[in-house]
Amino acid sequence: MTAVRVGHLYPDYLNIYADRGNIAVLTRRAAWRGHELEVAALGMGDAVVPGEHDLYYVGGGQDREQLLVAEDLVRKSEALHEAVGGGTAVLAVCGGYQLLGRGYRGFHGEDMPGIGLLPLETVAGERRMIGDVLLECELEAGEKQTLAGFENHAGRTQLDPGSEPLGRVLAGFGNDGESGFEGCRSGRVIGTYLHGPLLPRNPWLADWLLAQALAHRLGTDEAPQLEPLPDELEHRAHEVSAARARSRGGRF
Amino acid sequence: MRLRPPLALEIAAARGVAALSRRLGAGGGTTIPGKLLAELDRDAIDRLAARLATGTAVISATNGKTTTTAMAAEILRPRRRLAHNAAGANLVSGVASALLSAGNADLGLFEVDEGALPELMRRLRPRAVCLGNLFRDQLDRYGELELVAERWREAVAALPDGAQLVYNADDPQLAAVSEGHTGSVAFGLDDPRVARPSLQHAADSKYCVHCGTPYDYAAAYIGHLGDYRCPRGDHARPQLAVAARDVSLQGLDRASFLLDTPEGSRRIELGLPGLYNVYNAVAAAGLARALGAELEEIAAGLERFSAAFGRFERIAVGEKRILLLLIKNPAGANEAVRTLVDGGAPQVLLVALNDEIADGRDVSWIWDVDFEPLLPALRALVASGGRAAELALRFRYGGLDEGAIEVEPDLGDALDRGLALTPDGGELVVLPTYTAMLGLQRLLASRGLARPYWERSA
C-alpha cells in the first residue's frame with residue numbers, strides 16, 4: 001500500500017461544479033487498488049511545501065470567489081512551480097484552469113493574476129460557452145481516448161504557440177469556441193474546462209492522474225501500471241454524456 | 001407601424017388554444033395560451049394585470065416558491081378571489097395564462113421563476129414582492145448566483161416606495177438586495193436547536209457581501225441560510241420582523257413552530273415535514289400579512305394547507321405506498337434527505353435523474369448533494385432517468401455497494417422494479433428531478449393511481 005498525498009487548493013472557495021466528485025473518484029479508485037489517498041485542504045494563507053504532495057487539485061468557483069483566491073494563489077506560486085518541477089501532478093478545472101495560466105482579463109477591465117504554470121492566457125468573452133463537450137485526447141503516444149464533460153465559461157483561453165492542448169474538440173466549444181482544442185497539458189499538469197464532474201465518467205483520466213501521482217510518490221520517471229477495473233457503470237455514463245455532446249454540444 | 005389587436009380578441013384566441021390543448025391531451029394548457037398571448041402582444045400582460053382591482057403579489061426563490069405561493073393562496077382565499085399560477089408555470093407565459101383565466105379575480109398571486117422576476121416585476125407592478133432564497137441551481141441556465149442577485153438588486157431598486165418587500169433575512173444575499181428598498185420586512189428562523197452543526201458543503205453565499213470575509217454563523221439552518229455576522233462588522237442578519245421560533249420537526253409528517261409577528265405570536269401546527277417547509281410557511285405568513293391578512297387568518301390558512309403538487313406526495317399502490325419528493329438542486333435535495341433520515345431512512349430508494357432544460361442539462365449538482373446519510377439503511381437503489389448511470393456512479397463513489405445498485409433508465413421499468421423490491425406494507429421512496437416527476441405523474445395517472453396534475457392543482 002502506498003499513501004498518495006493530494007493537496008486540494010481552496011476547497012471552501014473553488015467548489016462550484018461538484019469538485020468533490022473528482023476527489024471521491026480518486027479516493028475510491030486508489031483504495032480499490034490497495035492505496036490510500038490522503039487529502040489535505042490548502043486554504044487561504046496555508047503554506048505549500050514542495051514535495052509534500054503528489055497531486056494538486058484546483059476546482060472552479062464563481063467569479064467573486066475566484067477573485068478572492070487569486071491573490072493568495074500568487075503567494076503560493078513559487079512553491080507550486082518548484083513542486084511541479086519536482087514531478088508533482090496537477091489537475092485544474094474551469095476557474096482553477098484559468099488561474100494556472102498567466103492571468104484573466106475581465107470584460108470591464110478587472111484583471112485577475114495567474115501563476116503561469118500553464119502557457120496560456122484567458123480573456124473574458126461576451127457570450128458564455130455552455131453545454132456538453134466531447135474531446136479526443138492522446139496523453140500517451142498511440143493511446144487515443146475520449147473525454148466527456150460539461151463546460152460553462154465566459155473566458156476564452158488562448159494557448160501559446162507550440163503548447164499542447166489536452167484534446168481535440170469533437171463536439172462543444174472548447175478553449176475559445178474557435179481553435180478546435182480544449183484544455184492544456186504540460187508534463188504531469190492538466191488544465192481543462194470540463195466539469196460534470198470530470199472524473200466519474202472518464203475513469204481512464206482518473207487512473208492516469210493516479211499513476212502520475214504514484215510515480216512522484218515512488219520517485220520514478222515511469223508511471224506505474226494500475227490494475228484495470230471493470231468500469232461498466234462508468235462506461236455507460238460516458239456513452240450517454242458523449243451522445244449528449246454529439247447531439248447538443250455548443251457551437252457558435 | 002404595428003397594429004395592436006383588441007385585448008378581448010387576443011384573450012378569446014388564447015383561451016381557445018388552452019381548451020384545445022387539454023382536449024388533445026397535450027397537457028393542462030397551463031402555458032400555451034400565455035405563450036400565444038406573449039407572441040401576439042407582450043404588453044397585454046401589463047394591461048391584464050392592471051384589471052385586478054387589488055393588484056398583484058409575486059413570490060420568487062430558488063427553492064419553495066410553488067409551496068410558499070400555495071400557502072399564501074390558502075391563507076388569502078377566504079377573503080380574496082385569486083388569480084394564481086398554481087400548476088407552477090412560472091415564466092412570463094405561465095403568468096400570462098393565469099391572468100387570462102383570472103375570471104372575476106381581484107388579486108393576482110404568482111410564483112415567478114428567478115430569471116423572469118425582473119421582467120415580471122416591471123410588467124405587473126406588484127404591490128407586494130416576496131423573496132425566499134437564492135441557492136446555486138441550474139448554473140447552465142441561470143448563470144452564477146451573483147448574476148441573478150445583481151438582476152434582482154436592480155429590480156428591487158426600481159420598486160416604487162409604496163410597494164411592500166418581504167424578504168428572507170437569513171439569506172445574506174437577499175438581505176443585501178433588499179437594502180435598496182425602504183420599509184422592507186425581514187423574515188427568518190430563530191431556533192439554534194434546529195441548526196446544522198456546521199455549514200453544508202453546498203453553502204453558497206458564505207462570504208460577506210461587502211468585504212469578502214467568511215461570515216460567523218451563530219446558527220446555520222439550510223445551506224447558507226442562518227444567523228450570520230461578518231467578523232469585521234460589515235454586515236449582519238437584520239432584525240427579524242416575522243420569525244419562526246421554538247421549531248419542532250416531527251419526522252415525515254408534521255412540523256410545528258411559534259410564529260412571531262409584530263401583531264403577536266401564535267403556535268402553528270403544519271401538516272408538512274421539514275425545516276424547509278417552516279421557511280415556506282414563514283415566507284407565506286410574511287407576504288399574507290403584507291397583503292392585509294390577520295394573524296388568525298394566517299394561522300388558520302397554514303394549518304389547513306396540504307402539499308403543493310408533486311413536492312411531497314404519498315400514493316397507495318395495493319399494499320404498498322409510494323412517497324414522492326421532488327429534488328432539483330443541492331440545497332433542496334439536502335433537505336429532502338434530512339427529512340427522510342429524520343423520519344426513518346428508506347431501505348429501497350428510486351432516484352430519477354433527467355437532464356432536460358427544466359432539470360438543468362448540467363448534472364454535476366448531484367455530486368454536491370449529501371446523499372451519504374441515506375447509505376447506512378439503504379439496501380437497494382434503483383437509478384433511473386436519462387442520466388441513470390451517472391446517478392448510479394454518484395452513489396457508488398459515495399460508498400454504496402455495487403450489488404445494491406440497479407440501473408433502469410426507463411421510468412416505468414424503474415417504478416416496477418422499485419415496487420417489486422418494496423415489501424408489502426412498505427414504502428418506496430422516489431426522488432425525481434422536475435421532468436422525471438412529470439413523467440412519473442403521467443405514468444401513475446395512466447395506471448389509474450393519481451389524477452393528472454392540471455386537475456389537481458386548481
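Three salt bridges (a side-chain nitrogen of Lys or Arg within 4 Å of a carboxyl oxygen of Asp or Glu) are found across the interface of domain 1 of chain B and domain 2 of chain B in this predicted model. The side chains of B:Asp253 and B:Arg314 form a salt bridge with an N to O distance of 3.2 Å. Local features required pLDDT of at least 70 and side-chain atom pairs pLDDT 80 or more, while totals for chains, interfaces and linings use all residues; side-chain values use heavy atoms, without hydrogens and water. Residues are numbered from 1 along each chain as its sequence is written, and chains are lettered from A in the order in which they are written.

Domain 1 of chain B spans 7-304 and domain 2 spans 312-456, with bounds from an automatic or database domain assignment. Their C-alpha centres are 26 Å apart. Each domain contributes 27 residues to the contact (heavy atoms within 4.5 Å). The buried area, the accessible area (1.4 Å probe) lost on putting the two parts together and summed over both, is about 2,300 Å², with 53% from carbon and sulfur atoms. On the domain 1 side, B:Asp140, B:Leu252 and B:Tyr276 supply 24% of the area buried against domain 2, more than any other three residues.

In chain A, the axes of helix 1 (residues 19-31) and helix 4 (residues 203-218) come within 10 Å and cross at roughly 70 degrees. Helix 1 of chain A is therefore roughly perpendicular to helix 4 of chain A (65 to 115 degrees). Helix 1 contributes A:Val25, A:Leu26, A:Arg29 and A:Ala30, and helix 4 contributes A:Pro203, A:Ala206, A:Asp207 and A:Leu210.

Methods
Axes are lines fitted to C-alpha atoms, for helices over the stretch in contact, and angles run from 0 to 180 degrees between N-to-C directions. Helices (H or I, at least four residues) and strands (E, at least two) are DSSP runs, numbered from the N terminus. Angles under 35 degrees count as roughly parallel, over 145 as roughly antiparallel, 65 to 115 as roughly perpendicular and the rest as oblique.
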